Amino acid sequence: MDENNLNEHKKTEVPNVKSELWREALSWIKTILFALIFAWIFTNFVIVNASVPTGSMEGTIRINDRIVAFRLSYLFSDPQRNNIIVFRGPYENADLYVKRIIGVPGDTITISDWRVYVNGELLEEEYVKSAFEPHSSSFRNFPDPEHPGRGDYITVPEDGSAPFITVPEGHFFVLGDNRDNSVDSRRGMGQNNNLHTFVSQDQIQGKVIFRYFPGFKNLTK
């Protein structure tokens, strides 16, 4: 190949190399964009990937455990008693909470002698970390059934008993497994605490399926 032909060959090679590099870069950009879009859709419409910052579910979920909740669990079925759920507080930009469903719509809930009764039957709760403390401030106040979710209180007698409340349609009564350290449906809280007596179905973000850090733990049992 003479010098003129060699130069012509080099000229035709250079643009091809640049074109290949550009196509490769474009392919990577498309892949990254697709992955980002998929991750956004997956985490916003399919799962909730969350770290638990408090000990209100200790005994089952510890502080800083990372959990996954499935957003589509209740697409074709209703939340059930004993499900662990992730839900958002009732106010704009409220925090996420993790609690266990104790009462479903229509259930009557009674707390007597620091035990929970659902529809008159004692709830067997092997998952509870510890028994209620008789003088626990988180237990002594019980939401007024006449004004659910408004933040009114009635005082629980010294024996720990309380009048029953009925869970309204479309709402759920939730408790933390660590009963002595949980803000939950036992307390109809005001806006500063971002919780009402009952959790509406609209607030539920998903059903907790498993913990993946530290270590795997099935949370549907």
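Predicted model: local features only at pLDDT ≥ 70, side-chain atom pairs only at ≥ 80, totals over all residues.
Residues are numbered from 1 along each chain as its sequence is written. Local features need pLDDT of at least 70 and side-chain atom pairs 80 or more, totals for chains, interfaces and linings use all residues, and side-chain values use heavy atoms, without hydrogens and water.

Rings first. Searching the whole structure gives four aromatic pairs, where Phe, Tyr and Trp rings (six-membered ring for Trp) pair with centres within 6.5 Å. Planes under 30 degrees apart count as stacked, over 60 as edge-to-face, the rest as tilted. Phe87 and Tyr97 are stacked, because their ring centres are 5.6 Å apart and their planes at 25°. Phe87 belongs to strand E3 (84-88) and Tyr97 to strand E4 (96-103), so the pair ties together parts 10 residues apart in sequence. Strands are DSSP runs of at least two residues, helices (H or I) of at least four, both numbered from the N terminus.

How buried are the two? Phe87 has a relative accessible area of 0%, and Tyr97, at 16%, also counts as buried. Buried means under 20%, exposed over 50%, partly exposed in between, with a 1.4 Å probe and protein chains only.

Phe45, in helix H1 (residues 3-45), is partly exposed at 49%.

Now the sheet. Four strands form an open sheet in the order E7-E6-E5-E10, with antiparallel pairing; pairing takes at least two DSSP bridges. E7 (121-122) and E10 (165-166) are at the edges with a single partner strand each, so one side of each has no neighbour in the sheet. Four bridges join E5 (108-112) to E6 (115-118), and Thr110 stands opposite Tyr117 in E6.
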